[in-house]
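Reader: Before we look at the pocket and the helix packing, could you take me through how such features are read?

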Amino acid sequence: MSSWDAIETLAGDRIMGATETADRAARLLSEVPADQLVDAVEVLLAGHPCMAPLWRLAHVLLSTKEPAGATERFRQQMAGDSTAAFALSPHLPGTIVTISSSAAVAEAIAVRKPRMVVCMSSQPGGEGLSMAGMASAYSEVQVMDDDRAIGELPAEAVLIGADAITPTAVVNKVRSLELVRAAAEAGIPRFVVAGHTKLVPCELPVPELFQSVPLELFTGIALPAGLLKPPDVAERAAAVPLHPALVALAGKL
């Protein structure tokens, strides 16, 4: 398979999460000739417009003359993002409900080992089964119908991952907004766990199977820097550098 074939295949993938997709993209894009780099970046971002790590990777590549070294440093930064789980762990109760399948959420569960994890089935796609498989190594798990989970909220806290965190919102799987809003109305804590590479300074396109959840609906957002309040996260996201060409592209997609 040629590099371009691999890039187009990755752009069409609907199974891998944002971090895994960006890691794969970093390896592929580091081998793309300089005169084809912008086109390759646009193909990937058009395929995954709300995956913040891809935008952050694109910024790195468009801002350097040494793509191989820059992409390796970026991959190392993503690997360090897993420390967000340790910032969150002391604040998680013994039962949680989550949506979709998130490597960051799985890491938080591995660190905290809550008694019960309720995984929404997460339709369409059914990623709840995958999440349950990861969580079952550390906790008792239950896969629950989406409507029932949102209606009953059978846990002491809601925990979700993120494809992106902008200055105003968390972008995640569809129905995340209903889940978080229901928990807020019930007075149940709402947490996000994500790496620093999920932060972007502008609003990203939100495809059909994703939703934006306002930052102010969350109790706390766990980043490698610690468990932060929404205004602090908004400030950090706004301060992230992003190549002007990418800001323009985000407005066009």
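Author: Helices (H or I, at least four residues) and strands (E, at least two) are DSSP runs, numbered from the N terminus. This is a predicted model, in which local features need pLDDT of at least 70 and side-chain atom pairs count only at pLDDT 80 or more, while totals for chains, interfaces and linings use all residues. Residues are numbered from 1 along each chain as its sequence is written, and side-chain values use heavy atoms, with hydrogens and water left out.

Reader: Which helix gives the most to the lining of the largest pocket?

Author: Rolling a probe the size of a water molecule over the atoms shows where empty space is left. A pocket here is an open set of points, on a 1 Å grid over the protein atoms alone, where a 1.4 Å probe fits, with protein on both sides within 12 Å along at least five of seven lines, and lining residues have an atom within 4 Å of a point. H7 gives the most to the lining of the largest pocket, with five residues, and the elements that each supply at least two include H2 (18–29), H7 (103–112) and strand E6 (169–173).

Reader: How do H1 and H3 pack?

Author: Axes are lines fitted to C-alpha atoms, for helices over the stretch in contact, and angles run from 0 to 180 degrees between N-to-C directions. H1 (residues 3–11) and H3 (residues 37–47) pack at about 20°, with axes 8 Å apart; H1 and H3 are therefore roughly parallel, a term for angles under 35 degrees. Where the two helices meet (heavy atoms within 4.5 Å), Trp4 and Ile7 are among the residues of H1, and Val43 and Leu44 among those of H3.

Notes:
Angles under 35 degrees count as roughly parallel, over 145 as roughly antiparallel, 65 to 115 as roughly perpendicular and the rest as oblique.
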